Amino acid sequence: TGIPNGMGFTVLTLFPELITSFFNHGIIGRAMEKKLIVGDTINIRDFTLDRHKSVDDKPYGGGCGMVMTPEPLFRAIDEARSRRGNARVLLMSPQGKPFDQSRAREFAAAGENLIFVCGRYEGIDERVYHGEVDEEISIGDYVMTGGELAAMVIVDAVTRLLPGVLGGESSAELDSFENHRLEHAHYTRPFEFEGMTVPEVLLSGNHGEIEKWRRSSSLKRTFIKRPDLFHKETLSAEEKACLKIWCRELEA
Ligand SMILES: CN(C)c1cccc(CNc2ccc(C(N)=O)cn2)c1
């Protein structure tokens with residue numbers, strides 16, 4: 001990624017402890033320890049200049065709720081940019097461009113440092129967007145009380161794609177959504193549980209048959225749970241044959 005000490009993630013927020021907790025646990029925490037990523041936070045309130053450290057104010061034009069004032073945000077973003085070069089400023093917002101797995105892959109591959117602006121209240125002053133933000137991103141069509149969860153979702157989904165983060169135990173390449181198909185069913189011990197057993201083929205050691213069963217499982221689950229994904233990628237001849245057999249079995 002051309003970044004000496006890992007990909008940088010800087011989160012601008014009024015609640016840094018929400019973010020630092022996320023950075024210090026699990027696979028993300030291990031990636032931090034291994035210096036595969038450098039995650040830090042900036043408290044927007046530290047960049048206020050007034051005695052009351054105010055970060056919001058009443059909206060021009062009236063109406064309910066408050067808007068985040070531009071000055072502290074501008075100064076906090078400039079501080080973030082000064083920490084690491086080659087950075088992209090992302091505003092977390094319900095109005096943003098939808099984030100998905102292919103976007104996660106793009107960010108992981110680009111190796112740019114990412115700066116996340118997490119708004120609270122009814123949003124931020126429009127001049128911040130036009131002056132300092134490279135891109136507005138949404139993690140889904142719903143409104144939250146702040147952008148922090150959206151920033152953590154993106155950091156999580158991007159970090160796990162970086163080389164060395166997932167290690168051997170699992171690999172991002174076989175992720176669901178990789179080829180617009182959901183992941184196959186997973187089983188582990190015990191063989192029988194609550195009267196339900198494990199498909200015999202998975203214990204056969206016949207890797208060809210196991211891979212075939214897994215492709216079939218992935219296809220069936222996509223068909224049942226997310227048929228919309230089929231429009232993104234055409235069915236292969238093998239997949240068509242598999243679905244035909246399966247449908248005949250269902251009719252029988
Ligand atoms: C215009 N603006 C910056 C803004 C306006 C309202 C709320 C917020 C903060 N809440 C969020 C942020 C992101 C998402 C999402 N779906 O990604 C949902 N809620 C920000």
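Tutor: We start with burial: a residue is called buried when its relative accessible area is under 20%, exposed when it is over 50%, and partly exposed in between. Please bear in mind that this is a predicted model. R103, with a relative accessible area of 10%, is therefore buried.

Student: With which residue does R103 form a salt bridge, and how far apart are the closest N and O atoms?

Tutor: Side chains of opposite charge can pair when their charged atoms come close. Here the partner of R103 is E106, and the closest N and O atoms are 2.9 Å apart. The two residues lie three positions apart in helix 4 (residues 101-110), so about one helical turn separates them. E106 has a relative accessible area of 45% and is thus partly exposed.

Student: Which residues are linked with R103 and E106 in a network of salt bridges?

Tutor: The network also takes in R88, K97 and E135. Across the structure, the count comes to 15 salt bridges.

Student: Are R127 and D125 buried or exposed?

Tutor: R127 is exposed, at a relative accessible area of 52%, while D125 is buried, at 14%. These two residues form a salt bridge whose closest N and O atoms are 2.7 Å apart.

Student: Let us turn to polar contacts. What does the side chain of N113 reach?

Tutor: The side chain of N113 reaches the backbone nitrogen of G8 at 2.7 Å. A polar atom of that side chain also lies 2.9 Å from the backbone oxygen of G85. N113 is placed in strand 6 (residues 113-118), and its relative accessibility of 5% makes it buried.

Student: How many aromatic pairs does a search of the whole structure find?

Tutor: The search finds five aromatic pairs. One of them joins F22 and F23, whose ring centres are 5.7 Å apart; with planes at 40°, the pair is tilted. Both F22 and F23 are buried.

Student: What is the order of the strands in the open sheet?

Tutor: The order is 2-1-6-5-7, five strands with parallel pairing. Strand 2 and strand 7 (135-138) are the edge strands, each pairing on one side only. On average, neighbouring strands of this sheet are turned by 30° against each other, direction ignored. Strand 5 and strand 7 run parallel and are joined by five bridges; within strand 7, I137 is the bridge partner of M92.

Student: Which strands does helix 3 touch as it packs on the sheet?

Tutor: Helix 3 touches strand 1 (7-13), strand 2, strand 5 and strand 6, and its direction makes about 155° with that of strand 2. Helix 6 (residues 148-159) lies across strand 1, strand 2, strand 5, strand 6 and strand 7, and runs at about 175° to strand 1.

Methods: Residues are numbered from 1 along each chain as its sequence is written. This is a predicted model: local features need pLDDT of at least 70, side-chain atom pairs count only at pLDDT 80 or more; totals for chains, interfaces and linings use all residues. Side-chain values use heavy atoms; hydrogens and water are left out. A salt bridge is a side-chain nitrogen of Lys or Arg within 4 Å of a carboxyl oxygen of Asp or Glu. Helices (H or I, at least four residues) and strands (E, at least two) are DSSP runs, numbered from the N terminus. Buried means under 20% relative accessible area, exposed over 50%, partly exposed in between (1.4 Å probe, protein chains only). A polar contact is a pair of N or O atoms within 3.5 Å; within protein, one must be able to donate a hydrogen and the other to accept it, and residues adjacent in sequence count only if both atoms are side-chain atoms. Rings of Phe, Tyr and Trp (its six-membered ring) pair if their centres lie within 6.5 Å; planes under 30 degrees apart count as stacked, over 60 as edge-to-face and the rest as tilted. Two strands pair if DSSP finds at least two bridges between them. Axes are lines fitted to C-alpha atoms, for helices over the stretch in contact, and angles run from 0 to 180 degrees between N-to-C directions. Contact means heavy atoms within 4.5 Å.
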